[in-house]
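Hi,

Here is the structure I promised to pass on. My notes follow below.

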Amino acid sequence: MLNKNFLRRGCLVITGILFLIFLMQYNKIEKTELLSTEGRTFEKAVVTEVISDNLTENGNRVGNQTVRLRLCSGKFKNEKVEAISSSSYLFGATCKKGMKVIALVSESQGEVIASVYSADREFSLYFMIAVFLLVIILIGGKKGAASVMGLGFTIVCVLFLFLPMIYRGVSPIFSAVVVAVITTVVTIYLISGISVKSLTAISGTVTGVVMAVIFAGIFGKVTQITGYNVSDIEELIYLEEKTAIKINELLFAGILIASLGAVMDVGMSIASTLQEIYSRRPDLGMWDLFKSGMNVGKDMMGTMSNTLILAFVGSAVSELVINYAYNLPFRQIINSYNIGIEIMQGVSGSIGVILTVPAVAVVTAWMLTRGAHAKNEGDVAE
């Protein structure tokens with residue numbers, strides 16, 4: 001047993017190393033230059049002085065602040081420069097002495113030109129992520145640590161496999177399926193190892209996400225919504241002209257990736273529940289186990305469907321508020337592309353969740369009872 005475990009772990013380590021080497025080689029891409037950034041860098045800086053403020057008597061800020069910065073990174077590190085900080089909602093920052101910011105720095109004819117891009121929130125972001133991961137580990141223990149590893153692996157796959165595949169001209173839908181399968185297998189293995197529960201959860205998850213994207217394709221055909229109807233289509237068309245990216249499939253690939261987490265949650269929960277039930281009641285037959293899985297799944301359908309639909313609604317809440325405030329006619333709203341896409345995403349993801357329930361229930365029930373049946377036959381033969 002010890003030798004088997006050692007051999008299995010050795011194989012996993014070798015596979016992981018080979019996968020990392022593959023990713024490193026696969027990410028050696030010569031990207032087409034779409035925007036020239038030569039001579040322009042983003043550097044860390046500290047505000048040493050507010051030269052002129054833009055605070056008005058009524059408490060509002062209008063125009064720009066003029067500040068003095070001490071650059072803390074890059075070619076001009078430790079130099080002090082004068083910079084402009086815009087009062088825009090998207091760029092700039094409300095600067096105060098001692099505040100850490102990100103400066104956009106460029107050089108022209110030997111002169112350093114700088115402007116405040118944003119507050120330096122890098123440490124704050126890392127801190128909040130660390131708190132999130134720590135909570136998972138403290139509450140989940142070993143399972144929580146495995147979940148963190150699975151999450152890290154998923155992020156690596158999205159950044160260093162999914163995006164490069166799309167950039168190289170591979171079908172975004174195919175790329176999403178590949179990443180979904182790989183991340184599902186690795187995540188569930190890290191949490192539960194090799195077992196009936198893991199195998200059935202993996203098969204159910206893959207089935208669910210594939211059905212979600214198939215339904216999204218049917219939805220798009222029926223409603224005449226394509227990947228060219230998204231809000232940032234002009235920029236995407238420019239990308240398509242300059243690169244090998246297939247932008248018409250991006251919308252549907254996004255639906256597959258977005259539904260993966262919820263579908264995996266449902267698949268794992270049902271498989272785990274049925275295994276727990278069967279461990280305590282091994283006398284139950286396949287049909288009884290299947291019914292138990294469906295009963296659990298029916299309770300999850302409503303909550304997980306709500307989760308997906310509310311998530312997509314949340315991403316479109318600004319647009320919904322604008323439509324509501326302008327009192328636009330319902331017929332105009334329901335026939336707009338943006339609303340149609342949000343509905344398609346929510347409904348398709350929910351379909352994936354719903355179809356995962358019977359898929360996992362029947363496979364888990366069959367595999368558990370089949371194993372017991374094979375064991376009983378062996379006992380009789382002896």
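What radius of gyration does the protein have, and what would a compact globule of 382 residues have? The protein has 27 Å, whereas such a globule would be near 21 Å. The radius is taken over C-alpha atoms, and the globule rule is 2.2 Å times the number of residues to the power 0.38.

Provenance next. This is a predicted model: local features need pLDDT of at least 70, side-chain atom pairs count only at pLDDT 80 or more, and totals for chains, interfaces and linings use all residues. Residues are numbered from 1 along each chain as its sequence is written, and side-chain values use heavy atoms, with hydrogens and water left out.

Overall picture. The C-alpha trace spans about 90 × 60 × 45 Å along its principal axes. There are ten helices and five strands (DSSP runs numbered from the N terminus: H or I, at least four residues, for helices; E, at least two, for strands). Of the 382 residues, 34% are buried (under 20% relative accessible area; exposed is over 50%, partly exposed in between; 1.4 Å probe, protein chains only).

Helix α2 covers residues 122-167 and includes I137. I137 has a relative accessible area of 35%, so it counts as partly exposed. Leaving aside residues up to four places away in sequence, I137 touches G144, A145 and V148 (contact: heavy atoms within 4.5 Å). F127 also lies in α2. F127 is partly exposed at 46%.

Helix α4 runs over residues 196-223 and reaches 40 Å from first C-alpha to last, close to the 40 Å expected (1.5 Å times one less than its number of residues). Q224 follows α4, with a positive phi near 60°.

Best wishes
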